[in-house]
Amino acid sequence: MAGFGDMSRMKEAVASFVKKLGSNRSSKDSNTELDQQHDTADAVISTTPLWRKKSIIIGGAILAVSAAVIIGVQQYQQYIKSNTFEIVHVYQDGTYIGSVEKVEDVQQLIEEEELELANNNPGISMELKTGELTYESEVGYKIAADTETTLSKLEQSFASHAVGVAIVVDGKTLGYVKDEIAASNILNRLQTQYAPQVATAEDARQIQSLSYNANEEEADSAQQQAATNEDEAVTIKDVGFVEKVDITLDQVEPTVILEEEELYKKIIDGSTKPTKYVVQKGDCIGCIAHKFGISEQVIYENNPFIEGDRITAGDELDLTVRMPDITVRSVEQLVEIEEIAPPIEYVKNDSMREGESKTIQEGAPGSQRLIYEITKENGYILSEELVEKEVIEEAVPTIIEKGTMIIAGTGTGSFAYPVSNYRVSSKYGKRWGRMHSGVDFTGDKTIKASDAGVVEFVGTKNGYGKTVIIDHKNGYKTLYGHLNSYSVSEGDKVAKGDKVGVMGNTGRSTGVHLHFEIWKNGNTVNPLSYL
Ligand SMILES: [Zn+2]
């Protein structure tokens, strides 16, 4: 981290200082003036004490004198010692600057300079460039450090620059903010802009209220909508950037550092160019989308006043396609609960006339869970895929009976009562000296064909009133007399049980009843023998 560069450099400097203290003479050749000073110091410290040499020369001199000499030498040594000082020589990038009393003097200067930089550049990370400072210590007799001059020279040599955090997309720097927190805030806001569910509910609210181009009202209504639609649930599975996005630390001019909001706007606006369009006569949403090479989604999202697909010539549409500098790709999982339509099953019924049908079981819809994976870029749908389909409840089929019986117009030879809930009111045979050639029935008014056949006659017959005669094409015919009205016409093919008319009181009749006859090969027979 560049912000801590000074500290680490300082540590390095101190370490090299310590090292140099240990091998003081190793860098002797570098500076003549210093070397001479070194020599002086070395001479004082490392030369064999004088008194020892003298004692060898003088040999057995008087002890008192020797003692006096010894005392003098000791005092001299004391004097030398109390006038021997340690100073520190300061080098910047290998160039000699001057001397100071101690390393801390330089450190203090740096601290003061850094503090001043920070105070003069609020809100911006500033870095002080001190160069590489190295130190060399010297211990010498009556030497003094020129601290003030050295510090002043150093202070003038210091440079400073701002430290900016760049958002870099595919190698291109989009701009600088003051620190990494600001940069990551921007990236987070971009992601939540297009995939709001990434944030927790509380965060989302905060982010939405702060977010570019959004207002609280919209955010609220969006949340309400999400809350009320229980059949749909969207969760974010993945969100990221399409491009390679890096945050890097750079030295910059303080003026290029943008406010967080400013850089966010710059990125989200990107190369977006506002586009308006006035609807022409004959336009449609799809046609306009095609004409501009944009998704219909853009038209609907930008122009929420459009209902269904109704647009009118003269409407002004916003066709602006968002093109931020960074592309947020999100993968959403959409869960929908949907109805399963009841299937229809047909069953054959050969006693039901062909073409007729009857529902014998009403179906009921089932339900299923559909899971879609929706990939979006900057909120625009890129792809939509059904990934799972799970039946929650099976549908109940509708069962319809279909008649398959073909009416041949040929009797079966077995006869059915032509009246439901019948009562026989007069039997077949002789009565009052006359032949009663049929059976009289009362009961329900609907008169039904006693067997399948072809309607041979419909009309009024003397004594019978309104009459229908059916030829069963098997040697049998049936007659239905005293009808009130007819339901068939001559030539109709009828099935057994088909309605032929309504019971009445026409002709020579006493009260409402059906006169029913069965003819076998042209002669009447007793119907009750056949029913
Ligand atoms: Zn009769």
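In strand 2, G98 is the bridge partner of V90, and V100 is the bridge partner of V88. These pairs belong to a predicted model, in which strand 1 (residues 84-92) and strand 2 run antiparallel and are joined by five bridges. The protein chain as a whole contains 12 helices and 28 strands. Buried residues account for 19% of its 531 residues. Among contacts in the protein chain with a separation of 6 or more, 71% link residues 24 or more positions apart.

- Strand 1 and strand 2 form a hairpin with two residues between them. In the turn of this hairpin, D93 has a positive phi of about 45 degrees.
- Strands of a sheet pair through backbone hydrogen bonds, in either a parallel or an antiparallel manner.

**The packing of helix 5 and helix 6**

- Helix 6 also packs with helix 5 (residues 103-120), at an angle of about 40 degrees and with the two axes 11 Å apart.
- Helix 5 and helix 6 are therefore oblique to each other.
- The crossing in which helix 5 passes helix 6 is right-handed.
- From helix 5, the residues D105, V106, L109 and E113 meet T147, L151, L154 and E155 of helix 6.
- The residues of this contact comprise four nonpolar, one polar and three charged.
- An α-helix has 3.6 residues a turn, so residues three or four places apart point the same way.

- M323 is located in the loop between strand 10 (316-318) and strand 11 (328-340).
- With 13 other C-beta atoms within 10 Å, M323 is partly exposed.
- When residues up to four places away in sequence are not counted, M323 touches G270, S271 and T272.
- M323 and K273 are 50 residues apart along the chain, and their C-alpha atoms are separated by 8.2 Å.

- Another group of three strands forms an open sheet in the order 12-16-13, with mixed pairing.
- Strand 12 (344-353) and strand 13 (357-361) stand at the edges with a single partner strand each, so one side of each is left without a neighbour in the sheet.
- From one strand to the next, the twist averages 35 degrees.
- Strand 13 and strand 16 (residues 398-405) run antiparallel and are joined by four bridges.
- Q361 has I399 in strand 16 as its bridge partner.

**The surroundings of T478**

- T478 lies in strand 24, which spans residues 476-486.
- T478 counts as buried because it has 25 C-beta neighbours inside 10 Å, where 20 or more are required.
- Leaving aside neighbours within four places in sequence, the contacts of T478 are S450, D451, I470, H472, F516, E517 and I518.
- T478 and P527 are 49 residues apart in sequence, yet the distance between them in space is 9.3 Å, C-alpha to C-alpha.

Note on methods. Residues numbered from 1 in each chain as written. Predicted model: local features only at pLDDT ≥ 70, side-chain atom pairs only at ≥ 80, totals over all residues. Pairing = 2+ DSSP bridges. Buried ≥ 20, exposed ≤ 12 C-beta atoms within 10 Å, placed from the backbone. Contact = placed C-beta atoms within 7 Å. Axes fitted to C-alpha atoms, helices over the stretch in contact; angles between N-to-C directions. Parallel < 35°, antiparallel > 145°, perpendicular 65-115°, else oblique. Left-handed = near helix turned anticlockwise from the far one by under 90°. Nonpolar A, V, L, I, M, F, W, Y, C, P; charged D, E, K, R; others polar.
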